[in-house]
Amino acid sequence: MTRTKFRRTATVAVTSAVFAALGATTAVAEPVSDTTADPAPVRAALDRTVAAGAPGAFAVVHDRDDADRDLRVAVGKSNLSGTPMKTHRRFRAGSNTKMFTSVLVLRLAEQGRIDLDRPLRDYLPADTLPADWDMTGRQVLQHRSGIFDHTNDLLEQPGEETTSAFEQRIRNTVYRPAELVALSVKHGKQFTPGSRYSYSNTNYVLLGMAVEHITGTSYAQALRTQIIEPLGLRKTSYVVPRKTIAGTHVTGYLTNDDRTKPLLDSTEQNGSWVGSAGAVISSASDLDTFLSALLAGDAGGLVSDASVQQMTTALPTPTAKVSYGLGLREITLSCGKVYGHGGIVQGYQTQSFATRDGRRTVVAVANASNNSGVTQALTNTLEPAFCGTKPPAAAKFKHSHAPVPASVPVTDDTRF
């Protein structure tokens, strides 16, 4: 597959309950290319992430036009034994998985093997969805399908995870994708497909099932042969139903529902309950490579320019300054728009975003979940990491700095 090269832009990942706090700002189409990530507010945001309850956190900024603008900041601990946090370690990427699943589906669409504007049930095993459920593949990709999120049943409530539900139904239980869909279907359609936005992990479980049904291979094999191996992603894997993370990794901690109790080590867990919606394991460097390849066409391009255009054509969500395309979230910062996804899965939070041209990426990670303070603080790394400071216009100002934008709280309406 050939594709022309895009200029690169930076990618940002975001999490939910806090974006409503965004003030009105005037945004340009894309972040300006001459900004430099400001290390002081990035580090301050990471320090606040640790103060809020995460053992550690880190942020990696990669600028492909100027290595001097790269930034790697790690604070706190990778585990409660005292190992310092390091930016090269693997972690559970949560809903960043949705970007990978979307690419697999768009590749099938380019091959004429799926029509995104036909009912998705046509590309699923018989009886997966009721005969009168006519939501299209595109609506499912956009979270405008009206399909109930099965994770609300497994977790007992909408919102963050609970330690009791995690131990009872998540850590060790192996679910088949069809079982998860059945949990959702029993709730019926939530609204007329296409009429509004409502985030549902079941949408991307269904898309993973469609990938398997159409290709005749497992989701893990499709991911490996079509994305991981071509891009040389050495630290990305999908190992469901195995519970362990191979190699050097960050230890993840689930904040206890009873805050007087210690953090719960949730590193080892079965990812089958979110599967193709949230079970990928990765690293900052691999997410950087993936986003750049997607948006800028590295390694020949994962999908065509036309497909990327569809993925980045985002519709509004109920959260101010957050829109959603086909597996990509669009967030408006003070300096422009960035594209990517966020992920929260027991013990881990990740924000991975890039500029539209893929030239700059930002990946921020913390090793605690079930804590909105951690979510807010980690998300606050995005504004200074992308918008940062502009270099002075003339040499005589080389020791001065342009005003640093205030940290902008952003959130994403997904748990995983």
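Q: What volume does the second largest pocket have, and how is that figure defined?
A: The volume of the second largest pocket is about 240 Å³. It is the space filled by probe spheres set on grid points, where the points are joined across faces, edges and corners. This is a predicted model, in which local features need pLDDT of at least 70 and side-chain atom pairs count only at pLDDT 80 or more, while totals for chains, interfaces and linings use all residues. Residues are numbered from 1 along each chain as its sequence is written, and side-chain values use heavy atoms, with hydrogens and water left out.

Q: What makes a residue part of the lining of the second largest pocket, and which residues are the closest to its centre?
A: On a 1 Å grid over the protein atoms alone, a pocket is an open set of points with protein on both sides within 12 Å along at least five of seven lines, whereas a cavity is a set where a 1.4 Å probe fits but cannot get out; a lining residue has an atom within 4 Å of a point. By this rule 19 residues line the second largest pocket, and Pro177, Glu212, Tyr238, Val240 and Gly275 are the closest to its centre. The elements giving two or more residues to this lining are α6 (177-185), α7 (201-215) and α8 (219-231). The largest share, 4 residues, comes from α7. Helices (H or I, at least four residues) and strands (E, at least two) are DSSP runs, numbered from the N terminus.

Q: How do the residues of the lining of the second largest pocket divide into nonpolar, polar and charged?
A: There are 12 nonpolar, 5 polar and 2 charged residues in this lining. Nonpolar covers Ala, Val, Leu, Ile, Met, Phe, Trp, Tyr, Cys and Pro; charged covers Asp, Glu, Lys and Arg; the others, Gly among them, count as polar.

Q: How many cavities of 30 Å³ or more are there by this rule?
A: The count is 1 cavity of 30 Å³ or more. About 50 Å³ of space lies in the largest cavity. Its lining consists of Arg92, Gln269, Gly271, Val274, Gly278, Ala279, Val280 and Val345, which divide into 4 nonpolar, 3 polar and 1 charged.

Q: Why does serine 323 count as buried?
A: Buried means under 20% relative accessible area, with exposed over 50% and partly exposed in between (1.4 Å probe, protein chains only). Serine 323 has 12% relative accessibility, so it counts as buried. It lies in strand β9 (residues 322-324). Leaving aside neighbours within four places in sequence, serine 323 is in contact (heavy atoms within 4.5 Å) with Ala314, Leu315, Pro316, Thr317, Leu328, Arg329 and Glu330.

Q: What makes β9 and β10 a pair of strands?
A: Two strands pair if DSSP finds at least two bridges between them. Here 3 bridges join β9 to β10, which run antiparallel, so the pair meets the criterion. In β10, the bridge partner of serine 323 is glutamate 330. The hairpin of these strands has 4 residues between them, and glycine 327 takes a positive phi near 80 degrees.

Q: How do you know that both faces of β10 are covered?
A: Arg329, Ile331 and Leu333 on one side and Glu330 and Thr332 on the other are all buried. In a regular strand the side chains alternate between the two faces of the sheet.

Q: What makes β12 mostly covered, and which strands pair with it?
A: Of the 8 residues of β12 (residues 348-355), 8 are buried. Tyr348, Thr350, Ser352 and Ala354 point one way, and Gln349, Gln351, Phe353 and Thr355 the other way. Strand β11 (residues 336-345) pairs with β12 in the antiparallel sense over 8 bridges, with serine 352 as the bridge partner of histidine 341. Strand β13 (residues 360-366) is joined to β12 by 6 bridges and also runs antiparallel to it.

Q: Why is one side of β6 and of β14 left without a neighbour in the sheet?
A: The 3 strands form an open sheet of mixed pairing in the order β6-β5-β14. Because β6 (264-265) and β14 (368-369) stand at the edges, each has a single partner strand, and one side of each lacks a neighbour in the sheet.

Q: How confident is the predictor, by mean pLDDT?
A: The pLDDT is the predictor's confidence in each residue, from 0 to 100. Its mean for the protein is 86, and 83% of the residues reach 70 or more. Over residues 391-412 the pLDDT is below 50.
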